[in-house]
Every structure is written in C-alpha cells, then in structure tokens.
Amino acid sequence: MRYGYCYHSGVTDSPDSSSARKLQTIFLDRDGVLNRKMPEGRYVTSQGDFHVLPGVLETIARLNRAGIRVIVVSNQRGIALGLYSGANVDSIHAGFQNMLKAHGAHVDAFYYCPHDKGQCDCRKPLTGMFDQARRDFPEISAATSAMIGDSLSDIEFGRRLGMLAVFIEGDPERQKPGALSAAGLADLRFPSLAEAVDSLLRLRTAPQL
Ligand SMILES: [Mg+2]
Ligand SMILES: [Zn+2]
C-alpha cells in the first residue's frame, strides 16, 4: 500500500519517511533536474547549452556533507542521432564537476546511455545504468537509494528497481508528454531539486515513531 506525501511526515511514519531514513545513494537525472531542459526535440550539445538551475550546486554540496552518494544517470540519445559525441558529454560533465568543486561539492559518478530507443538495456526506464553504478560501487542497493527525475522514464526506472521515486516538476512549457503520469506514479513531487533534497534530508533525520 502506498501513501501520498504528508507534509507532517515527521509525525506520521509513512513508507516514504522509512525509505528516506535509510537513504545512502541518490540517482539524479540530468536535463531538467540539474540544468535547464532544452525545448522538446532539442539537445544539450555543448557546455554553452548547459545552464545549471538555481540552487543545484549548493544542494549537491548538502548531499555530500550528509554522506549521501550522488550519481547522475542520463539518457543521451542525441549521441545516437549524431548531434554530439560522447566526448562532448564528458566535457559537459567535467565542466559541471568544476563548478561543483568551487562549491566544495562533487558528483560521485556520471553514467549516460548513448543509444537510440530499443537498442540497449541502459536507456531509462531500463535499468542498465543502475547495474553499471553497482559494478563501480558494490555497496549500492536499491533499497537505500532514491531516483530523482523530471520524466516518466526516470520514475519508471526508480520504480522497477524498487527505489523511492521523486518527481521534479519541470518548466511546464518544456515538459515531456508523460509528465502527468510521472507525477502520479512518483512517491514524492517537488518543484525543484533543492526542495526535494530539503525534504528527503528532513525525513532522513526525523525521529522514528
Ligand atoms: Mg530530464
Ligand atoms: Zn543505452
């Protein structure tokens, strides 16, 4: 049985707060969560297209200080479409890591799926990137992880693995079809990563009843 989000979850011990209490790893989608999503059908092809959303650098610093592992998992089908290369993605991620460094923060690992639809096991909602992360960090378990994303594929990825699934409401003009189902399917919903993490960290330390 699942419960809706309760703003008094410090008081009622919901399944969400018991999942949050065990939280050790957060999987983050990239576009629309960390950086401003491009209009539908357009892609982030270079660092010039990568605009970090407000509060993101500070929020990742908070997760680092709380001892929570931060892993980015991103579908980058634009590589399969020939719009940019894996090297472009790597340099975007290196640039982001540098911005984080200036805030005393870091992402523990980045994974991305460079494939087109239906060609692999790593394009979300398929769970191959979770397996990749587990190869690099064997102590990761789905039961102590959460997935935070702005697309149905992110929420389904989290759900298939049995993680806490958290939906970020994107810019309404740039939201993909399926965002409404994603919001419905998620355990928790927030307007931004900063607010999601704020709540997860509060649930994590809330007194157990
Ligand atoms: Mg996204
Ligand atoms: Zn793939």
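Donors here are N, O and S atoms within 2.8 Å of the metal (3.2 Å for Na, K and Ca), and because water is not among the atoms, sites may look incomplete. This is a predicted model, in which local features need pLDDT of at least 70 and side-chain atom pairs count only at pLDDT 80 or more, while totals for chains, interfaces and linings use all residues. Residues are numbered from 1 along each chain as its sequence is written, chains are lettered from A and ligands numbered from 1 in the order in which they are written, and side-chain values use heavy atoms, leaving out hydrogens and water.

**Stop one: the metal.** Select ligand 1, the magnesium ion: its protein donors are D29 (OD), D31 (O) and D150 (OD), 2.1 to 2.2 Å away. Along the sequence these donor residues follow the spacing D-x1-D-x118-D. Both D29 and D31 are buried (under 20% relative accessible area; exposed is over 50%, partly exposed in between; 1.4 Å probe, protein chains only).

**Stop two: the sheet.** Now show the strands (DSSP runs of E, at least two residues; helices are H or I, at least four; both numbered from the N terminus). You will find an open sheet of 6 strands in the order β3-β2-β1-β4-β5-β6, with parallel pairing (two strands pair if DSSP finds at least two bridges between them). Its edge strands are β3 (109-113) and β6 (188-190), each pairing on one side only. Next, pick β1 (residues 25-28) and β2 (residues 69-75), which 4 bridges join; I26 has V70 as its bridge partner in β2.

**Last stop: a loop.** Select G170, between β5 and α7 (179-185). G170 counts as partly exposed because its relative accessibility is 22%.
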